[in-house]
Amino acid sequence: MLNQQAESVIKIRDLHKCYWVGTMPFPALYGINLEIESGEFAVLAGRSGSGKSTLLNIVGALESTDSGRVEVLSRDILSMNQDQRTHFRLHNIGFIFQAYNLIRVFSARENVAYVCQLQGKSKKESMEIANHWLQEVEIGHLGYRRPDQLSGGQQQRVAVARALASNPKLILADEPTANLDSMTGRHLIRLMRELNQRLGTTFLISSHDPDVKQAASRLIKLADGQIVEAWNDIPKPPSSITSSCPMSNLPLTERLQNYFKAARGNARNKKRRRKTRRRS
Ligand SMILES: Nc1ncnc2c1ncn2[C@@H]1O[C@H](COP(=O)(O)OP(=O)(O)OP(=O)(O)O)[C@@H](O)[C@H]1O
Ligand SMILES: [Mg+2]
């Protein structure tokens, strides 16, 4: 039940997204309606291919949509141009990725400070902010090390510090513990939850990890591109969607089989065309 008083950080209405590989439609999300309130620690769970990353990327203004409405912090992000999206992301959203995505030639401190410098802060102030956040994630003493001199768990803590250093209202994390052993992952998620409760920053996290799901203030279940109440309760998409994106009424395994069949066909045709060109 949504708290009427709380401010909405994410508001999604009737969102659809279909990828195209050549002429082959590949439906990823259909009919998503979702509201995330300020201060939530919401976890998107679902099998591989259910659409978790696609949804995070759309909310993070990294990916386009086919239809629907997406408001983040009361801003209609779909109507923004590229520059507006970049500016919006830099000042409002922190990202944490499965593979950390740190800049290899920078130290941990420089990685965190970089985002502040992009925001227009001076180098000195940026370094001070970086020191503060590295201490918050309990690796203040490792700020001088480059990513390849840190463990996976320590690199992900740098990524958490980097996400928080820009002072965002929303943090999007795509499988943040997937590359970590279970103990390190558990520590990281406990730290993220603690920061969420203390700072009030809203988190939307995609994960398969039972520890992450357990830490959630709300669990959102995705199955075959739709939000479901229970895993075995996948509603059939409406006919308007199945006609515009013909594969969307098939179960995921069948969609994958069709996709690979088409991809193999494309590769065969390409080979044939190359052979014909060579002969002529
Ligand atoms: N660039 C792309 N081109 C074509 N299809 C894509 C593309 N990206 C994602 N898809 C398809 O969209 C669907 C949703 O993918 P998505 O990556 O969002 O799933 P996921 O739930 O994050 O999976 P995982 O748990 O494996 O990360 C999948 O069927 C996937 O194959
Ligand atoms: Mg994913």
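Is E175 buried or exposed, counting the other C-beta atoms within 10 Å? In this predicted model, E175 is buried, with 20 other C-beta atoms within 10 Å; the term applies when 20 or more such atoms lie within 10 Å of a residue's own, while 12 or fewer make a residue exposed and the values in between partly exposed, C-beta atoms being placed from the backbone. Because the model is predicted, local features need pLDDT of at least 70 and side-chain atom pairs count only at pLDDT 80 or more, whereas totals for chains, interfaces and linings use all residues. Residues are numbered from 1 along each chain as its sequence is written, and chains are lettered from A and ligands numbered from 1 in the order in which they are written.

The overall make-up of the chain comes next. The secondary structure comes to nine helices and ten strands, where helices (H or I, at least four residues) and strands (E, at least two) are DSSP runs numbered from the N terminus. Of the 280 residues of the chain, 37% count as buried. Among contacts with a separation of 6 or more, 70% are between residues 24 or more positions apart; two residues are in contact if their C-beta atoms, placed from the backbone, lie within 7 Å.

The largest nonpolar core holds 62 residues. Such a core is a set of buried Ala, Val, Leu, Ile, Met, Phe, Trp, Tyr and Cys residues joined through C-beta atoms within 7 Å. Within the core, V59, V112, W133, A161, A165, L172 and L204 touch the most other members. Helix α5 (residues 152–165) supplies the largest share of this core, seven residues. Leaving aside residues up to four places away in sequence, V59 touches I10, V70, V72, L172 and L204.

Helix α5 also takes part in two helix pairs. In one of them, the axes of α3 (residues 108–118) and α5 come within 8 Å and cross at roughly 20°; axes are lines fitted to C-alpha atoms, for helices over the stretch in contact, and angles run from 0 to 180 degrees between N-to-C directions. The two helices are therefore roughly parallel to each other, a label for angles under 35 degrees, with those over 145 counting as roughly antiparallel, 65 to 115 as roughly perpendicular and the rest as oblique. On the α3 side the contact is made by A108, N111, V112, V115 and C116, and on the α5 side by V158, A161, R162 and A165. These residues divide into seven nonpolar, one polar and one charged, with Ala, Val, Leu, Ile, Met, Phe, Trp, Tyr, Cys and Pro counted as nonpolar, Asp, Glu, Lys and Arg as charged, and the others, Gly among them, as polar.

In the other pair, the axes of α5 and α6 come within 10 Å and cross at roughly 15°. Here too the label is roughly parallel, and α5 passes α6 in a right-handed crossing. The helices meet through G152, G153, Q156, R157, V160 and L164 in α5 and T184, H187, L188, M192 and L195 in α6. This contact divides into five nonpolar, five polar and one charged.

Several loop residues deserve a look as well. E175, the residue of the opening question, is found in the loop between β7 (170–174) and α6 (182–199). Phi of E175 is near 50°, a positive value in a residue other than glycine. A61 likewise has a positive phi, of about 55°, although it is not a glycine. The place of A61 is the loop between α1 (52–59) and β4 (67–72), and with 22 C-beta neighbours inside 10 Å this residue counts as buried.

A61 is one of the residues that I77 touches, the others being V70, V72, R85 and F88, not counting residues up to four places away in sequence. I77 lies in the loop between β5 (75–76) and α2 (82–92) and is buried, with 22 other C-beta atoms within 10 Å. From C-alpha to C-alpha, I77 and I58 are 8.9 Å apart in space and 19 residues apart in sequence.

The loop between α4 (123–136) and α5 contains E138, which is partly exposed, with 13 other C-beta atoms within 10 Å. The C-alpha atoms of E138 and V158 are separated by 9.6 Å. D148 lies in the loop between α4 and α5 and counts as exposed, with 9 C-beta neighbours inside 10 Å.

Conventions:
Left-handed = near helix turned anticlockwise from the far one by under 90°.
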